[in-house]
Amino acid sequence: MNRNEAFSHLRKESLDIYNRLKSIEEDIQFVNQVHDAYPDFPLLPNLRCGAWYTDPSLAAPHPAYFKSTDGHFSNWGFNLRRANLHLLNYNYRGIVLVDSTRSGKRMPDALSKTVPIWCAVVNRTMILRHPETSRQNWDTLLHTPPGVVSTQEHSQIVSLLDGWADALNKSSYSLPDLSLPLRPIWITPASTSFPKFSSTDSKQTFIPIICVSASRQVQEGFDRRIGGFVYVQGSGDDHELWGMGLNPDIFWKNRERIASADRSEIDAVVTKCVSEAQATNNFHPPSAVDRVRGRILLCSTADLIAGSSGHLSTSFGESEDVAFIVLSSHDRNDTTADNVPGVRYITAPEGKKGQTQFLQTVLPRSMDFIQTHLAEGMRVCIACDTGKDLSVGVAIAALSKLFDDEGKFMESDLQNITPDKQSIRMRLEWIIASRPEANPARNTLKRVNEFLLTPSPFLQKRT
């Protein structure tokens with residue numbers, strides 16, 4: 001076998017869904033062992049990969065969103081759009097955070113650098129935000145795993161920590177006054193023992209953020225197992241390439257069926273599981289923006305429940321005081337609901353054309369609708385295909401144009417509201433604080449800034 005043939009064979013084995021799912025099962029067993037060692041600590045997947053290894057019946061309801069790119073060399077950062085401050089609301093003495101990585105590393109950069117940066121920045125911000133609290137021997141150091149992060153890289157990151165802490169302190173995010181500093185601890189399948197922590201230990205000097213890298217490091221990322229499969233390190237990564245439509249949610253709902261299928265059956269079993277999931281609606285409640293007392297809500301279009309007369313509701317239940325804006329990238333065949341009171345459908349195509357339409361049509365029409373219904377004392381739920389992008393953009397615009405910096409709806413004093421970049425950033429922070437998965441695209445944010453910061457006469461000429 002020549003080099004090209006060998007590479008092709010390895011790639012085929014790495015994308016084989018049977019190998020991937022068997023490898024995930026092996027890694028789940030390890031994660032469960034860690035959970036058994038810390039049963040009182042919340043178990044959180046780090047999205048997206050960590051969700052494959054974390055049993056939803058054991059996991060805390062709100063996952064983490066630490067990105068490896070924020071820990072890549074020379075790209076280190078504490079991203080206020082991924083502040084993960086909802087993790088500080090867990091009233092526990094520790095957290096178990098689960099992720100994985102592909103071949104070549106013991107652990108992902110998200111666990112070896114992004115989380116340590118987060119811990120150090122939060123610890124330093126505590127001193128700035130709560131100066132009245134006595135903090136003797138308060139740990140503000142950067143802790144990184146030995147042998148993973150070089151001394152030079154460690155020093156370069158340290159030089160940036162104060163700047164990130166200052167930015168977090170000046171943000172609109174609320175931070176609880178922590179009684180102990182955060183500190184990352186790392187566990188991998190190569191760990192010979194688990195450090196001992198207890199949720200009732202009064203002598204504990206820090207809150208451990210236990211970073212679990214679920215997959216075993218193997219040479220070239222592959223390791224043939226006696227059980228008739230090839231172990232693939234970090235199998236949960238990039239499931240769009242191998243999963244045949246399977247995702248962590250579908251996997252966990254059908255885990256026993258999938259695990260019991262042999263190699264000849266697996267494709268058919270996965271196809272059936274995916275098909276059944278697509279025919280079933282799994283509604284999630286909308287996220288209410290707390291800073292404006294829930295006057296603005298966000299969800300995906302899949303979370304909307306259509307009534308017989310075109311009226312909409314969510315899993316919160318029917319509510320006469322909620323109006324809906326529905327943004328969809330697809331033209332609707334059924335337009336009978338277009339005249340339903342309290343519901344506005346707006347097409348928002350993808351691509352360059354969609355960006356123009358978002359600026360020219362979606363934002364202006366949405367603002368008129370939102371202002372009218374807020375003035376009538378209603379709440380407004382904004383939905384888009386993902387619940388993370390366009391709906392967030394519309395919400396930022398509404399919060400910037402219609403609410404003051406204290407979150408009060410300015411029904412009659414709108415002329416006194418003048419958005420700027422800082423206030424727009426603040427509104428995005430309000431949203432992320434209530435909906436951590438919010439992740440508007442760069443182009444969406446550009447159009448929102450253009451809409452809010454360009455004087456109306458010039459904006460009309462440009463559009």
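Reader: Which ground rules apply?
Author: The model is predicted: local features need pLDDT of at least 70, side-chain atom pairs count only at pLDDT 80 or more, and totals for chains, interfaces and linings use all residues. Residues are numbered from 1 along each chain as its sequence is written, and side-chain values use heavy atoms, leaving out hydrogens and water.

Reader: Where is the kink in H4?
Author: It is centred on Leu160, at about 35°. The bend is the angle between axes fitted to the seven residues ending at a residue and the seven starting there. Helices are DSSP runs of H or I, at least four residues; strands are runs of E, at least two; both are numbered from the N terminus.

Reader: Which H4 residues are buried?
Author: Glu153, Ile157, Leu161, Trp164, Ala165 and Leu168. Buried means under 20% relative accessible area, exposed over 50%, partly exposed in between (1.4 Å probe, protein chains only).

Reader: Which residue pairs with Arg427?
Author: Asp405, with the closest N and O atoms 2.7 Å apart. Arg427 is in helix H10 and Asp405 in the loop between H9 and H10, 22 residues apart.

Reader: Is Arg427 buried or exposed?
Author: Buried, at 1% relative accessibility. Asp405 is partly exposed, at 39%.

Terms used: Salt bridge = Lys/Arg side-chain N within 4 Å of Asp/Glu carboxyl O.
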